[in-house]
Amino acid sequence: ATSPLADVLGRVLNASEVRLSEDEVAALPSVAQVSPRIQKEAGLLSAETVLANPDARSVVIVNRVSRAQELGRQITELARTRGIAVPVEVLHARFFGPDRRAKQEGLETGFGSKSRGRTILITTQVVEAGINITCDHLHTEICPMNALVQRAGRCARFPGESGVVHVYNLDPSNALPYEDSELDAAWTLLPDQPTGIDPATAARWVQAAHYAENDLNLQRYTLASRRLECEERIWNNIVGQNRGGVADLIREQSDSIRVAVGDDPRGRTPGDMEGVSLYRYQLRRLTALGPIWVFDADRGWVETRDPSEVDRSYAAAVPRPLARYTPEFGLELGVPGDHESPARELPAKPGYKPLKRELWVRHTRCVMTEARRRVAEEGASGGILSEGFGAPLADLVDWAAVLHDLGKLQTQWQRWAEAAQRARDPLYRHTELLAHTDFDSSDAGGRALARAIRPPRPHHSSACAYYGFRVLELAGTSMPLTFRVA
């Protein structure tokens, strides 16, 4: 992080930065016992440059998925032509879940702390953080300096290792998804001669490359103005016209959409099929080649060649004549393929302790007690969470605690709770409102019994939001909680 960013974080979080001395950093095994070097390369990244070290563990990081797919095929073919027996793996964000997980699990064998021998990985930004791999030679296209430092950390990562980070320039026409200015700044900062890279050097490069941009962006916003901007984006993406832009609320300007492969997805929901995340512009461009399917909350699946439909949808399906998926290279657009999206493997539900019958009043009181404890323990006064809401954080938390299960007070929900509890205890009498019934999620029989109760249990979270909003309206400007659970 640059110093402007670190200063702002320290101020709004009421935190102090603790730095190791140069001697302390130098004594760390991850610094003292590794020898990574970084060097500019004169030519462009190619299959030839990667196979120049055929006996090494090599990681190749490029800026775009299509480039990784292309380079993966070229390296595989060149190795076959030359009779080089080397495993070649491609990993990026356009693999279906099971294939991606299998590839990531296999990285430990080829690039883990105990790995040895020849192997090649071609990948993208997905390995910049969170994947603990190492290599002898890391080949990377130029990218912003903060990303380049992350990438370099995947070379000579473990004690006793040495390695080289090879950095290649790009043709200006291939700068996306980055700005030319970001790439030029990083390339200019790198020394022309090979040099060792350590934490202090990396920090200086990041500071020089990103200081001005971070400082300008941070000065542009106050907490109040940023809050207003966020509220406007929420309105536009959820209530306004940009109904397909909900992903923007998770990661700003992501403009992404979930895409499956299917000739006719009707009868299946988007969540039923394995899919990948793509930028909307990629799908808009694909409609010029043929019709695709988009999912609309009101109309369901709609076949269209209208690019504007992509912007109004949060999921899409591309027919096989327009998309090829293989476990080796992932999803490729604009070329015909054979495979449709398989059924999505739902993640295993976390285990929960069995629930016991609990009165709504008691449950709400306990939630309030725990919420207040968390505020006292974690809600730093003067921090970012205490500003810009128009009411003290403690009052807002009290409201949230009281209203969080308001939807369970619906007549139909309580009728279901009475029937569910009586099915387990024929002597039960429903004299007080419940928040929970006796229920064990690990018991298949109990789950079946709960589903068989009539009338069925209604959704309570949406009702909670609806009724809770009305309660807050009645409270008016008197935000501090004016009632307590008796």
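Which strand gives the largest share of the lining of the largest cavity?

## Basis of the model

This is a predicted model, in which local features need pLDDT of at least 70 and side-chain atom pairs count only at pLDDT 80 or more, while totals for chains, interfaces and linings use all residues. Residues are numbered from 1 along each chain as its sequence is written, and side-chain values use heavy atoms, without hydrogens and water.

## The cavity

The count comes to 1 cavity of 30 Å³ or more, with a volume of about 50 Å³. A cavity is a set of points on a 1 Å grid over the protein atoms alone where a 1.4 Å probe fits but cannot get out; lining residues have an atom within 4 Å of a point. The volume is the space filled by probe spheres set on the points, which are joined across faces, edges and corners.

Strand S8 gives the largest share of this lining, 3 residues. The elements that give two or more residues are S8 (256-261) and S12 (315-318); strands (E, at least two residues) and helices (H or I, at least four) are DSSP runs numbered from the N terminus. Among the lining residues are Arg258, Glu274, Gly275 and Trp301. By class, the lining has 7 nonpolar, 1 polar and 2 charged residues.

## Packing of H13 and H14

Helices H13 (residues 360-378) and H14 (residues 393-403) pack at an angle of about 155°, with their axes 8 Å apart. That makes H13 roughly antiparallel to H14 (angles over 145 degrees).

The contact (heavy atoms within 4.5 Å) includes Trp360 and Arg372 of H13 and Asp398 of H14.

Methods
Axes fitted to C-alpha atoms, helices over the stretch in contact; angles between N-to-C directions. Parallel < 35°, antiparallel > 145°, perpendicular 65-115°, else oblique. 1 Å grid on protein atoms, 1.4 Å probe; cavity = no way out; pocket = protein on both sides within 12 Å on 5 of 7 lines; lining within 4 Å. Nonpolar A, V, L, I, M, F, W, Y, C, P; charged D, E, K, R; others polar.
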